[in-house]
Amino acid sequence: MFFGRDHEQRVVGELITSLPDRGGVLLVIGDPGIGKSQLAEMARQSATERDLVVIDSTGVPTESRLPYAGLHQLLRTLRADMEVLPEQQRHAILAAFGQATGQAPDQFLIAQAVTELLIAAAARNPLVVLIDDAHWLDSPTGDVLSFLARRIDSEPIAMLATTRDGYPLPLLEAGLPELRLSGLAEEPAGQLLDVVAPGLPVGARRAILDAALGNPLAIAELSQGAARVELPMAVPGSMPITHRIERAFAARWSELPAETRMVLLIAALNEGGALSETLEAASALSGVRVAAEAVDPAISARLVEANRISLRFRHPLVRSAIEYRAGPSQVAAAHQALASVLADRPDRRAWHRASAALGPNEEVAAELGHAAERAVQRGAISVAITALERAVELSRDPAERTDRLLHAARLAFELGRPAQVRGFLMSVPRAGLLPADKARLALLEEGVESTPAEGNERIRTLVGLARKSAADGQPELAMDVLLAAARRCWQNHPDTDTRLLVAKTALELAAHPLHPTLLSVLAFATPDVYGSVACERLAHLAQDTTLDAAQLADLGAAGTVIGVPREARAMLGAAVPQLREQRRLGILVVALIYNCYSAMYLCQWSDVLASADEAIQTASEAGRPRWIPVAKVPKAHVAAVQGDIAKLEQLVAEAEPVLLSLGATSALALLRIARGLAAIGQGDYHGAYEHLITLHDLSGPSFSHILRIYHIGDLVEAAVRSGHRAQAQALFAELSATAADDPSPLLGGGVAYAAAMLAQDGEDAALHFESALDSDLRQCPLAYARLKLEYGCWLRRHQQLARSREHLRGARDMLDAIGASAWRKRADEELRASGIRSPAAPAPRGRLDQLTPQEERIARMVLSGLSNKEIGERLSLSHRTVAYHLHRMFPKLGITSRVELATVFAESGALAENGPAN
């Protein structure tokens, strides 16, 4: 029975009646007893009347520590449908429920599997998903539901979840539609009171309405005590409404027989809800057999509902009221009794024993540690962290306590929770640590801290830890620590001696010259010194078929850093699909970003944009927000080359402040390079110089000892045309020596470009241009095309028109192909000056402007040859949702098939070449 909820009923009704035309999500938020569950029940009745399928789950406080307990409850009627899922997805769900063994599934693979399962069920009959008390769901279930909620707007699925405000609930953070409930107005509140407690004296009636504050449950429950001498409501506003309701429930519990009170206390703590377990534990606690009849007084008091199988509290506040009134000693005894009857349920037993422990207990701490390991195997990392937190509190052994803290910190790092990692690390005692523990601690600190000010000292400390770990029989840990030191070298740019120390230590400690981690150390620490060695070893490792996806991703990152983008793309092209399939999202984010950077140097713009967008989405899904601004940097490069200055400035405004706060100097350097390139393209050479010279400022946030060499040609071009030739000459003399011995393509190409630009006024200018064009610079199409353009201009100025036209035409065609509009325009002008009329520049984007960013992204993937299923895997969408987007897209573009997309992109001038489809 509803009073004063007309608007709320209409909103919920529209959610259900919109099926099957469209799906939707609604979060009903409010205080306990405000009417959330009633609205959920109304949704259930409406769905039943329309013959829709309803699946549901209810959060229970004591189940919040059991991984995927809420999901198991939700999918109980769809178990048979799991058989039609792909093997990997079916295994993921079963592993989440502890019914399959093997590699722990990634949480997002589980989420994707659940999404596919529900979409498949909804294809047969529209589906209504009801989640009551979502704030008490276990964390992994909450994450899965949040993933699902963001993907059902185009599916015949409606989700309604009820929750209290103020809980760390993923659904509340997903930006979903909300319906917030407040207390009933005076008139409907009075109508409700007259129905539940007719004929009350005026004074009692007024007291109840004043105390209840329009809360329906408070009105109903407080009216039950209206006949008593003392009402739990004394002064309006004197205590929160939740406490008043709890006091009303607790007063009723206190009046029950002792045996009934004991049964209800155990039931309040029993997450399984099985009546048999509750009675067995009560019998163990009392020492005599307790029969089911002990529950009858509680049923009469309207505190619980029960049948032969289960006992259910009428409201969750009954649980908390009983636990509060019982007191710590009785609660501990009840937990211990439950633990005694759960020998075959080790996770639940561990938690009950932990709740019963009133002080340190190493045996229980170890039991919780084992529960954490099982949670990890089920992909429930957050639950494992919670178990380890409690295990730390119960630990007696200092060494075990440290081990649990480091384990919890590592798991929190995997989930992308830097604040939680820092909290764990602050609790680790620094004195008396074993070398391996010191190394593990340092690796975690490197993962969450940005302390560039420590500079050389921190890097040398890491090298020392690596040596001690190796001497302690931990060679792989030693190499991991050296890789952390090498990444710090790349990011923080210490002196050359320190960088060489890292590289030489890795060469000394590596078990084999082709150790993959050794290659990464050399690449990140000393690409200018050991770049050619790393290139040679990368070529050997590329033939190794035993490398897993993570190792391939690391090698691809190394190839990007040492400046061999083609080789890097090959490695990353092999790694990314595997990581995506395995849903190893943390590693996938980094692989995608390096894929962006290597594709950026190869001018494969559509791949840059696709990988960047996927990296941003994956970083968000995987809890790696710090990578989002990094992924925007290559997008800024695309905008710079294509002359889209407004887009470039937007990306800079979004990314730069965050990158500055993170101390991400290499990403900041690349952002400056993008702005410098854009300025060169616009003919603003002074502005370009101001941007690019920051890469050479040792004290500035954009200094990069390697990127400044890779892009020395850009700086020299800007410098010689803005009155800074002397500065450019000095920098070139300093840096060109670095590329003397067999440099990588990017390093050697940057120096060759700079030498040609500086030599334009000399007698041997032609030799410098020819030498540069014969270098590996052709691996970087934009730089190569610009060099041909500059050479063509030089030849024209020196009256060598035939050769000039040859180079200018080649430059124009390459610049046209890669969409470098500003330079293409200059090539047109130079060709006209040489007596050749150039074709018109590409037309505007035209029909593509009608597409949303998501639609254009899907269209580009279609052009790469990907199927709907493959696109869905990249974007974490159902293949049906991809088909839906295409169905909406075609009428906008005036086409009827996928094949016609190529024509639309061709006429728009938006390049659709994608390189390898990763």
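**Cavities, confidence and selected residues**

Me: Which residues lie nearest the centre of the largest cavity?
Reply: In this predicted model, the lining of the largest cavity is made up of 20 residues. Those lying nearest its centre are Tyr601, His711, Asp714, Cys780 and Ala783.

Me: What volume does the largest cavity have?
Reply: The count of cavities of 30 Å³ or more comes to four. For the largest cavity, the volume is about 280 Å³.

Me: Which helix gives the most to the lining of the largest cavity?
Reply: At least two lining residues come from each of helix H29 (585-601), helix H31 (627-641), helix H36 (712-720), helix H38 (745-758) and helix H40 (781-797). With four residues, the helix that gives the most to this lining is H38.

Me: How many residues of the lining of the largest cavity are nonpolar?
Reply: Sorted by class, the lining of the largest cavity includes two charged residues and five polar ones. The number of nonpolar residues in this lining is 13.

Me: How many contacts beyond near neighbours in sequence does the model have for residues 911-918, where the pLDDT is below 50?
Reply: For the protein, the mean pLDDT is 85, and 92% of the residues reach 70 or more. Residues 227-238 stay under 50, and the model gives them 18 contacts beyond four places in sequence. Over residues 911-918 the pLDDT is also below 50. For this stretch, the contacts beyond near neighbours in sequence number 34.

Me: What includes helix H8 (202-212) among the elements that cover the buried residues of H7, and which other helix is named there?
Reply: Helix H7 spans residues 186-196, and its buried residues are Pro188, Ala189, Gly190, Leu192 and Leu193. The cover over these buried residues includes helix H8 (202-212) and, as the other helix named, helix H9 (216-223).

Me: With which side chain does the side chain of Arg499 make a polar contact?
Reply: Arg499 belongs to helix H24 (residues 496-509). Because its relative accessible area is 3%, under the 20% cut-off, Arg499 counts as buried. Beyond four places in sequence, Arg499 is in contact with Cys489, Pro494, Ala525, Thr526, Asp528 and His705. At 3.0 Å, the side chain that makes a polar contact with that of Arg499 belongs to Asp528.

Me: Is the peptide bond from Leu19 to Pro20 cis or trans?
Reply: Pro20 sits in the loop between helix H1 (6-17) and strand E1 (24-29). Omega for the bond from Leu19 to Pro20 is near 5°, and the bond is cis.

Me: Is Asp51 buried or exposed?
Reply: Asp51 lies in the loop between helix H2 (36-49) and strand E2 (53-58). Its phi is near 60°, a positive value in a residue other than glycine. The relative accessibility of Asp51 is 60%, over the 50% cut-off, so the residue counts as exposed.

Me: Is Tyr68 buried or exposed?
Reply: Tyr68 is placed in the loop between E2 and helix H3 (69-74). Phi of Tyr68 is near 65°, which is positive in a residue other than glycine. Its relative accessibility is 0%, under the 20% cut-off, so Tyr68 counts as buried.

Me: What separates the C-alpha atoms of His724 and Leu541?
Reply: His724 is in the loop between H36 and helix H37 (725-736), and at 13% relative accessibility His724 counts as buried. Beyond four places in sequence, His724 touches His686, Tyr689 and Ala719. Leu541 is 183 residues away from His724 along the chain, and the separation of their C-alpha atoms is 44 Å.

Technical notes
Residues are numbered from 1 along each chain as its sequence is written. This is a predicted model: local features need pLDDT of at least 70, side-chain atom pairs count only at pLDDT 80 or more; totals for chains, interfaces and linings use all residues. Side-chain values use heavy atoms; hydrogens and water are left out. On a 1 Å grid over the protein atoms alone, a cavity is a set of points where a 1.4 Å probe fits but cannot get out, and a pocket is an open set with protein on both sides within 12 Å along at least five of seven lines; lining residues have an atom within 4 Å of a point. Grid points are joined across faces, edges and corners, and a volume is the space filled by probe spheres set on the points. Ala, Val, Leu, Ile, Met, Phe, Trp, Tyr, Cys and Pro count as nonpolar, Asp, Glu, Lys and Arg as charged, and the others, Gly among them, as polar. pLDDT is the predictor's confidence in each residue, from 0 to 100. Contact means heavy atoms within 4.5 Å. Buried means under 20% relative accessible area, exposed over 50%, partly exposed in between (1.4 Å probe, protein chains only). A polar contact is a pair of N or O atoms within 3.5 Å; within protein, one must be able to donate a hydrogen and the other to accept it, and residues adjacent in sequence count only if both atoms are side-chain atoms.
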